[in-house]
Amino acid sequence: MKVLINILKSQFYFWLNIWKVYKAFPTVKIGKNVHISNIGSLALGKNIEIQDNVILHCGGSDWCNNTGGIQIDDFSIISPNCVFWGCGAKIKIGKYFDCAPGVKIFSSRSLYEEFDRNDHTIKHIFQDVIIGNNVIIFANVVISPGVTIGDYAVIAANSVVTKDIPAYTVAGGTPAKPIKSRIDKTRFE
């Protein structure tokens, strides 16, 4: 009986969170099994689609000094199985963001370089991640803290982005590097 009560309680809070998102952002579309933490630090534009099994962690935990957040601008799509970890710093995403399945974006990481065996505490780095307008990110890309991806950039599948990617650039690899320029810039202006 106790297990059943815990399951019902968990489902109640899950649906309460989803209801709060719909109330704050009435044009959002949310798939199944979407988990959003710290909804007060979530900002969504118009007509955002968040597909199945997405995790949006908007900070607010002790380990990240109760800071962080996620901002996603108009007409953006977050495909299934993505994780946006906006803890300690913000993830800011522009309009018309096209995000393929399995993308992971982190605004924090463990500071492994300064581990003290006697202290047993883990320090963290917190840096904003900024993604411009009309960016396409293909499947299973990992974006590290402090990265800026410029407008109209494209990131190839399975890339690990550790440094800034300029606007109108196709980038890929581990670590991601510019591969070529994306179409004539004047076409977009």
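A residue is called buried when its relative accessible area is under 20%, exposed when this is over 50%, and partly exposed in between, using a 1.4 Å probe and protein chains only. By this rule Asp 128, at 33% relative accessibility, counts as partly exposed. The structure is a predicted model, in which local features need pLDDT of at least 70 and side-chain atom pairs count only at pLDDT 80 or more, while totals for chains, interfaces and linings use all residues. Residues are numbered from 1 along each chain as its sequence is written, and side-chain values use heavy atoms, with hydrogens and water left out. Helices (H or I, at least four residues) and strands (E, at least two) are DSSP runs numbered from the N terminus.

**Salt bridge**

- A salt bridge is a side-chain nitrogen of Lys or Arg within 4 Å of a carboxyl oxygen of Asp or Glu.
- A search of the whole structure finds 1 salt bridge.
- Lys 92 and Asp 128 form a salt bridge, and their closest N and O atoms are 3.9 Å apart.
- This pair links distant parts of the chain, 36 residues apart: Lys 92 is in strand β9, and Asp 128 is in the loop between β13 (124-126) and β14 (129-131).
- Lys 92 counts as partly exposed, at 29% relative accessibility.

**Aromatic pairs**

- Rings of Phe, Tyr and Trp (its six-membered ring) pair if their centres lie within 6.5 Å; planes under 30 degrees apart count as stacked, over 60 as edge-to-face and the rest as tilted.
- The count by this rule is 3 aromatic pairs.
- Phe 75 and Tyr 96 are stacked, because their ring centres are 5.3 Å apart and their planes are at 10 degrees.
- Phe 75 lies in the loop between β6 and β7, and Tyr 96 in the loop between β9 (90-93) and β10 (98-99), so this pair ties together parts that are 21 residues apart in sequence.
- Phe 75 is partly exposed at 37% relative accessibility, and Tyr 96 is partly exposed with a relative accessible area of 44%.
- Tyr 152 and Tyr 168 are also stacked, because their ring centres are 5.2 Å apart and their planes are at 10 degrees.
- Tyr 152 lies in the loop between β17 (148-149) and β18 (154-155), and Tyr 168 in the loop between β19 (160-161) and β20 (169-172), so this pair ties together parts that are 16 residues apart in sequence.
- Tyr 152 and Tyr 168 are both buried.

- Contact means heavy atoms within 4.5 Å.
- A polar contact is a pair of N or O atoms within 3.5 Å; within protein, one must be able to donate a hydrogen and the other to accept it, and residues adjacent in sequence count only if both atoms are side-chain atoms.
- Ser 76 lies in the loop between β6 (69-72) and β7 (77-78) and is buried, with a relative accessible area of 0%.
- A polar atom of the Ser 76 side chain lies 3.2 Å from the backbone oxygen of Gly 94, and a polar atom of that side chain lies 3.1 Å from the backbone nitrogen of Phe 97.
- Not counting residues up to four places away in sequence, Ser 76 touches several residues, including Asn 47, Ile 48, Glu 49 and Tyr 96.
- Ser 107 is in the loop between β11 (104-106) and β12 (108-110) and is buried, with a relative accessible area of 0%.
- The Ser 107 side chain reaches the backbone oxygen of Ala 89 at 3.0 Å.
- Leaving aside neighbours within four places in sequence, Ser 107 is in contact with a list of residues, among them Trp 85, Cys 87, Phe 126 and Pro 145.

**Other loop positions**

- Gly 45 is found in the loop between β3 (42-44) and β4 (49-50), and at 16% relative accessibility it counts as buried.
- Gly 45 and Asp 73 are 28 residues apart in sequence and 4.4 Å apart in space, C-alpha to C-alpha.
- Thr 174 lies in the loop between β20 and β21 (177-181) and is exposed, with a relative accessible area of 61%.
- Thr 174 touches Asn 158, Ser 159 and Val 160, not counting residues up to four places away in sequence.
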